[in-house]
Amino acid sequence: MDLMKKYAPEALKLSIQQSDQPRCFELGGKKFELVIDTGDLTGEAILNFIDGTKVEWSVKSSGIFATDEYECRKADDYTYLVTYCLEGKMPRENHTWVLDLEQGLVTLLQAALGENPQWPYLVESDFGFGYIKDSGKEPGFKRHGFTDDVIGTSVKWVYGHELATVHVYHHPNWYRIGYPKDRVVSEESKAQNQAFQEILKALPSSDEPAYYVKIKEGIYLVSVTEQNMEKILGDKIAFRSNTLCFLDNWNRLYSVGRGFGTGTRDGEDYPIFVMIGKYGVPEEVDESFFTDPIPYLV
């Protein structure tokens, strides 16, 4: 029996979820009292992990608690990516937390649709940085924060046995994407790569807004959002303004992340919320990826 022939077609259907890590249940039964004192989302917050799948939360000292189903993945032994969508809220909203138990620090990424009345599908992102009150560590003055450490980096991120993209981090607020020239095995993957290439040809460039946050040495949170693609192509493609965030472990060259946004199929919208896994491979790109001007800026 050839197991590749048996299982590879099914694995391919998982797309960017193929290399996703197993769900992490370690936080179940734990409660974190948090202080966000830097950024757009300041205030006290609580994450009370009822069990391995449900979290009770409150942010910005609202006093209002809600319970949602969460996903959790680990970037290393002490650093957790926790993410959930707010059930019943329209337009939709997602919260993604980085719980850094090693340093007793926390980052909150709030991603919401509908904040731009001109472009209702656009996802906007806001950040807050702070500390864990009950970590047993003095909060001090250091926080996670925005960084340009990653600028000058190009990497091939591999999501599955036939799916990979090349990310080029060329500017503190932008990134570019390309596709590797490796041999593609299946006809399905060839068609998918061709479709992606046609999308890029229809755009002035692949530049999209990006945020880079340093969590600690070798661990970075990268958030990118397909805003220009949405403004120019709209429902001409299946994916609308999706935002992807990744907790990248450069010490091991692997990453955990989530995707949040909207898809359109046969004229009907559907919500996107997926967990993503990938590993990195060095990739050389043409110097123009780092030097070409951003056509969306004056």
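# Briefing: charges, contacts and backbone geometry

Serine 15 counts as partly exposed because its relative accessibility is 26%. Its place is the loop between α1 and β1. The residue has a positive phi of about 55 degrees, although serine 15 is not a glycine. The model is predicted. A search of the whole structure finds 16 salt bridges.

**Backbone geometry**

- Most residues other than glycine have a negative phi, and most peptide bonds are trans.
- Aspartate 266, which is not a glycine, has a positive phi of about 55 degrees.
- The loop between β16 (254-265) and β17 holds aspartate 266.
- Aspartate 266 has a relative accessible area of 77%, so it is exposed.
- The peptide bond between methionine 90 and proline 91 is cis, with omega at about -5 degrees.
- Proline 91 sits in the loop between β5 (79-85) and β6.

**Salt bridge: glutamate 26 and lysine 74**

- The side chains of glutamate 26 and lysine 74 form a salt bridge, at 3.0 Å from N to O.
- This pair links distant parts of the chain, 48 residues apart. Glutamate 26 is in the loop between α1 and β1 (31-39), and lysine 74 is in strand β4 (residues 66-76).
- Glutamate 26 has a relative accessible area of 39%, so it is partly exposed.

**Salt bridge: lysine 216 and glutamate 102**

- Lysine 216 and glutamate 102 meet through their side chains in a salt bridge of 2.5 Å, N to O.
- Lysine 216 lies in strand β13 (residues 208-216), and glutamate 102 lies in the loop between β6 (93-100) and β7 (105-113). The pair therefore ties together parts that are 114 residues apart in sequence.
- Lysine 216 counts as buried because its relative accessibility is 10%.
- Glutamate 102 counts as partly exposed, at 42% relative accessibility.

**Salt bridge: arginine 240 and glutamate 230**

- A salt bridge of 2.8 Å, N to O, joins the side chains of arginine 240 and glutamate 230.
- The two residues are 10 residues apart. Glutamate 230 is in helix α3, while arginine 240 is in the loop between α3 (228-233) and β15 (243-249).
- Are the partners buried or exposed? Arginine 240 counts as buried, at 6% relative accessibility. Glutamate 230 is buried as well, with a relative accessible area of 5%.
- Elsewhere, salt bridges that share partners join Asp20, Arg23, Glu69, Glu71 and Arg73 into one network.

**A buried histidine**

- Histidine 144 is placed in the loop between β8 (123-132) and β9 (145-146).
- The relative accessible area of histidine 144 is 3%, so the residue is buried.
- Which side chains does histidine 144 contact? One of them is aspartate 100, in a polar contact of 3.0 Å. The side chain of threonine 107 makes a polar contact of 2.8 Å with that of histidine 144.

**Surface patches**

- Asp235, Asp266, Glu268 and Asp269 form a negative surface patch.
- Aspartate 266, with its positive phi, is thus a member of this patch, because a patch residue must have over 30% relative accessible area and no salt bridge.
- Aspartate 269 belongs to strand β17 (residues 268-282). At 41% relative accessibility, aspartate 269 counts as partly exposed.
- A nonpolar surface patch consists of Met1, Leu3 and Tyr7. Together they have about 400 Å² of accessible area.
- Helix α1 (residues 3-12) contains leucine 3. This leucine counts as partly exposed because its relative accessibility is 47%.

Notes. Residues are numbered from 1 along each chain as its sequence is written. This is a predicted model: local features need pLDDT of at least 70, side-chain atom pairs count only at pLDDT 80 or more; totals for chains, interfaces and linings use all residues. Side-chain values use heavy atoms; hydrogens and water are left out. Patches are made of residues with over 30% relative accessible area and no salt bridge: like charges are joined within 9 Å, nonpolar side chains (Val, Leu, Ile, Met, Phe, Trp, Tyr) within 5 Å. Accessible areas come from the Shrake-Rupley method with a 1.4 Å probe; for residues, only the protein chains shown count as cover. A salt bridge is a side-chain nitrogen of Lys or Arg within 4 Å of a carboxyl oxygen of Asp or Glu. Lys and Arg count as positive and Asp and Glu as negative; His and the chain ends are not counted. The place of a charge is taken as NZ of Lys, CZ of Arg, CG of Asp or CD of Glu. Helices (H or I, at least four residues) and strands (E, at least two) are DSSP runs, numbered from the N terminus. Buried means under 20% relative accessible area, exposed over 50%, partly exposed in between (1.4 Å probe, protein chains only). A polar contact is a pair of N or O atoms within 3.5 Å; within protein, one must be able to donate a hydrogen and the other to accept it, and residues adjacent in sequence count only if both atoms are side-chain atoms.
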